[in-house]
Amino acid sequence: MNDAAVCSNENERLSLKESSGWFAAGSSFRRALTVLSDGAFRLFALICLEADRQTGCFEASYTELAEALGKSKRAIGGYVAELQTIAVCEITAARNQHERTAFQVRDEFWPYRRIAHAQPSVDAEREQYIHSVRECYLSMGDIHVEFRPSDVSIAKEWYERRIPLGVIRDAMLLGACRKYQSWLNGKPPQPIRTLRYFEEIITEVRNQPLPAGYSNYLRRTLKRYATAWAAAGGKTGRTQRVPFVVAGKEGANATP
């Protein structure tokens with residue numbers, strides 16, 4: 001290659017083949033690659049490509065996501081749960097299978113500065129946080145009583161303390177498994193009556209985060225314990241039954 005050709009190559013500038021449809025995959029994208037499973041990362045990448053650049057928001061049904069990624073809706077459910085558990089996205093679940101689930105990529109994983117009017121107000125953000133805490137609490141099976149006004153106050157306090165939702169979910173899973181385990185071992189079946197029950201476990205999880213995949217193992221364990229408790233005719237002091245919801249994927253095998 002002659003000197004003129006070398007000089008020409010050095011002076012050439014890189015340019016995009018397409019002027020739109022691309023995504024700024026920087027350090028936040030690389031971080032997601034290290035904390036998510038392969039399937040959840042593929043879902044995250046799809047959300048990033050399709051999300052509104054000004055807000056980081058995207059909506060889709062499980063059917064649409066399953067078709068886009070070539071996966072089952074059940075698998076998509078596991079990936080969505082992982083995005084929420086690891087606090088990569090804020091997720092507002094669809095009310096039924098025909099409606100769309102809303103995703104908003106959290107600031108830690110979104111490379112763009114959100115425009116001022118697109119940012120949710122503090123009140124709206126706090127209400128969404130409380131809603132997420134409530135939904136997580138009510139998905140823990142029959143180990144608790146209903147979500148009370150005092151629990152709303154505790155959730156607000158957690159919001160002010162900036163406790164990540166992923167930490168709260170892990171603490172609730174761990175606490176629920178321990179509660180069921182104690183009942184199955186013959187301890188008095190006293191239900192959890194307040195979110196304060198999880199305070200020490202939250203501190204435990206913050207000081208020593210659960211290993212990768214362990215949250216999903218806890219979900220399976222919780223479902224197994226709940227089934228065993230129901231089969232044994234177990235009853236608690238609950239005044240209201242809440243449908244048991246479990247979403248997850250394969251994870252580590254260990255005891256709670």
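**View 1. Aromatic pairing of Phe44 with Phe109.** The structure, a predicted model, holds 13 aromatic pairs. In the pair shown here, the ring centres of Phe44 and Phe109 are 6.4 Å apart and the ring planes stand at 80°, so the pair is classed as edge-to-face, the cut-off for that class being over 60 degrees. Distant parts of the chain are linked by this pair, whose members are 65 residues apart. Phe44 belongs to helix α3 (residues 38-50), whereas Phe109 is located in the loop between β3 (101-105) and α6 (122-138). Phe44 and Phe109 are both buried.

**View 2. Aromatic pairing of Tyr214 with Tyr217.** The centres of the Tyr214 and Tyr217 rings are separated by 5.5 Å, and their planes meet at 45°, so this pair is tilted. Helix α10 (residues 214-231) contains both Tyr214 and Tyr217; the two are three residues apart, about one turn of the helix. Tyr214 has a relative accessible area of 8% and is therefore buried, given that buried means under 20%. Tyr217, with a relative accessibility of 10%, also counts as buried.

**View 3. Cluster containing Phe29, Phe41, Phe44 and Phe109.** Ring pairs join Phe29, Phe41, Phe44 and Phe109 into a cluster.

**View 4. Arg162 and the ring of Tyr159.** Arg162 is positioned over the face of Tyr159. The distance from Arg162 to the ring centre of Tyr159 is 4.7 Å, and the cut-off for a charge over a ring is within 6 Å of the ring centre.

Technical notes. Residues numbered from 1 in each chain as written. Predicted model: local features only at pLDDT ≥ 70, side-chain atom pairs only at ≥ 80, totals over all residues. Heavy atoms only, no water. Phe/Tyr/Trp six-rings, centres within 6.5 Å; stacked < 30°, edge-to-face > 60°. Helix = DSSP H or I, 4+ residues; strand = E, 2+ residues; numbered from the N terminus. Buried < 20%, exposed > 50% of the residue type's maximum accessible area, 1.4 Å probe, protein only. Lys NZ or Arg CZ within 6 Å of the ring centre and 35° of its normal.
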